[in-house]
Amino acid sequence: MSLSEDTEIKVLATANGLAIPTEFHEGVRMNLDLLRSYATLIEGMDLSDRLEPAFEYEP
């Protein structure tokens, strides 16, 4: 296995019917890690029990 090959990416790609060439694994890994860090931030936020529209929201 080369350094740029990523088993998790291969498994996720296969599960979604995609073929991601090995030369793109490094970039896909960086994006996957970034998305996971955003998810961690969102999951860690305390949200109010009451939903309110954004400041200055006009329907």
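Reader: In which helix does I42 lie, and how do you know that I42 is exposed?

Author: I42 lies in helix α2, which covers residues 25-43; helices are DSSP runs of H or I with at least four residues, strands are runs of E with at least two, and both are numbered from the N terminus. Its relative accessible area is 57%, so I42 is exposed, given that exposed means over 50%, buried under 20% and partly exposed in between (1.4 Å probe, protein chains only). The model is predicted, so that local features need pLDDT of at least 70 and side-chain atom pairs count only at pLDDT 80 or more, while totals for chains, interfaces and linings use all residues. Residues are numbered from 1 along each chain as its sequence is written, and side-chain values use heavy atoms, with hydrogens and water left out.

Reader: Which residues make the nonpolar surface patch of about 790 Å²?

Author: That patch is made by L34, L35, Y38, L41, I42, M45 and L47. To be counted, a residue needs over 30% relative accessible area and no salt bridge, with nonpolar side chains (Val, Leu, Ile, Met, Phe, Trp, Tyr) joined within 5 Å and like charges within 9 Å; the areas come from the Shrake-Rupley method with a 1.4 Å probe.

Reader: Why is the contact of R29 with D6 called a salt bridge?

Author: The closest N and O atoms of R29 and D6 are 2.8 Å apart, and a salt bridge asks for a side-chain nitrogen of Lys or Arg within 4 Å of a carboxyl oxygen of Asp or Glu. R29 belongs to helix α2 and D6 to the segment before α1 (7-15), so the pair ties together parts that are 23 residues apart in sequence. Both of these residues are buried, R29 having a relative accessible area of 18%.

Reader: What other partners does R29 meet in a salt bridge?

Author: One of them is E8, at 2.5 Å from N to O; this pair links distant parts of the chain, with E8 in helix α1 and R29 in helix α2, 21 residues apart. Another is D33, at 3.1 Å from N to O, and here both residues lie in helix α2, four residues apart, or about one turn of the helix. E8, at 30%, is partly exposed, and D33, at 38%, is partly exposed as well. The structure holds four salt bridges, and D6, E8, R29, D33 and R36 are linked in a network of them.

Reader: What makes the chain more spread out than a compact globule?

Author: The secondary structure comes to two helices and zero strands. The radius of gyration is 18 Å, well over the 10 Å that the globule rule gives for 59 residues, so the chain is more spread out than a compact globule; the radius is taken over C-alpha atoms, and the rule is 2.2 Å times the number of residues to the power 0.38. The C-alpha atoms fill a box of roughly 50 × 25 × 20 Å along the principal axes, and 10% of the 59 residues count as buried.
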